[in-house]
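Hi everyone, thanks for coming. Let me put the structure up on the screen, and then we can walk through it together.

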Amino acid sequence: VQLQASGGGLVQPGGSLRLSCAASTRIFSISAGNWYRQAPGKQRELVASITRGGSPNYADSVEGRFTISRDNAKNTIYLQMDSLKPEDTAVYYCNANPMGTNYWGQGTLVTVSS
């Protein structure tokens, strides 16, 4: 299983980005899809999850600003990030963990700066 994350970049505060995570298999049909992030000097944290049924969950820090979604036909999950803040700067990783086995994307860097 390979997860390919994309969509990161440099954006000004208040701006938007959309991250994508494409899987090489139908893994998101059998597993929740997750987005994590890791800022410099900090531990990796869970940002958003979407269940197989499509129910989303968010960290308090991004609730109301980020939206996770999935397209099962494309084996892809997305993270729409709006009203970005400098503290959102991090490497973002997508993840799937069917039956307790973790699969990670390679990470995509999001930098929020003026």
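Before going on, a word about what you are looking at. This is a predicted model, where local features need pLDDT of at least 70 and side-chain atom pairs count only at pLDDT 80 or more, while totals for chains, interfaces and linings use all residues. Residues are numbered from 1 along each chain as its sequence is written, and side-chain values use heavy atoms, with hydrogens and water left out.

Now the overall picture. The protein has 11 strands and zero helices, so from the N terminus you simply read β-β-β-β-β-β-β-β-β-β-β, where helices (H or I, at least four residues) and strands (E, at least two) are DSSP runs numbered from the N terminus. The C-alpha atoms fill a box of roughly 40 × 25 × 20 Å along the principal axes. The radius of gyration is 13 Å, which agrees with the value near 13 Å for a compact globule of 114 residues; this radius is taken over C-alpha atoms, and the globule rule is 2.2 Å times the number of residues to the power 0.38.

Of the 114 residues, 42% are buried. The accessible surface comes to about 5900 Å², and 46% of that belongs to carbon and sulfur atoms; these areas come from the Shrake-Rupley method with a 1.4 Å probe, and for residues only the protein chains shown count as cover. If you take contacts (heavy atoms within 4.5 Å) between residues at least 6 apart in sequence, 53% of them join residues at least 24 apart.

On to the charges. There are 10 positive and 7 negative side chains, and the centres of the two sets lie 8 Å apart. Lys and Arg count as positive and Asp and Glu as negative, without His and the chain ends, and each charge is placed at NZ of Lys, CZ of Arg, CG of Asp or CD of Glu.

Side chains of opposite charge can pair when their charged atoms come close.

Take Arg37 and Glu45: their side chains meet in a salt bridge at 2.7 Å, N to O. Glu45 is partly exposed at 34% relative accessibility, whereas Arg37 is buried, at 6%. Arg37 also pairs with Asp88, with the closest N and O atoms 2.9 Å apart. Asp88 lies in the loop between β8 (76-81) and β9 (90-96) and Arg37 in strand β4 (residues 33-38), so this pair ties together parts that are 51 residues apart in sequence.

Asp88 forms another salt bridge, to Arg65, with the closest N and O atoms at 2.8 Å. That pair links distant parts of the chain too, since Arg65 sits in the loop between β6 (56-58) and β7 (66-71), 23 residues from Asp88. Asp88 and Arg65 are both buried. Most residues other than glycine have a negative phi, and most peptide bonds are trans. Which way does phi go at Asn75, positive or negative? Asn75 has a positive phi of about 50°, although it is not a glycine. Asn75 is found in the loop between β7 and β8 and is buried, with a relative accessible area of 16%. Leaving aside neighbours within four places in sequence, Asn75 is in contact with Cys21, Ala22, Ala23, Thr25, Arg26 and Phe28.

And back to Ser83, where we began: Ser83 has a positive phi of about 50° and is not a glycine, and its place is the loop between β8 and β9.

Key: Buried means under 20% relative accessible area, exposed over 50%, partly exposed in between (1.4 Å probe, protein chains only). A salt bridge is a side-chain nitrogen of Lys or Arg within 4 Å of a carboxyl oxygen of Asp or Glu.
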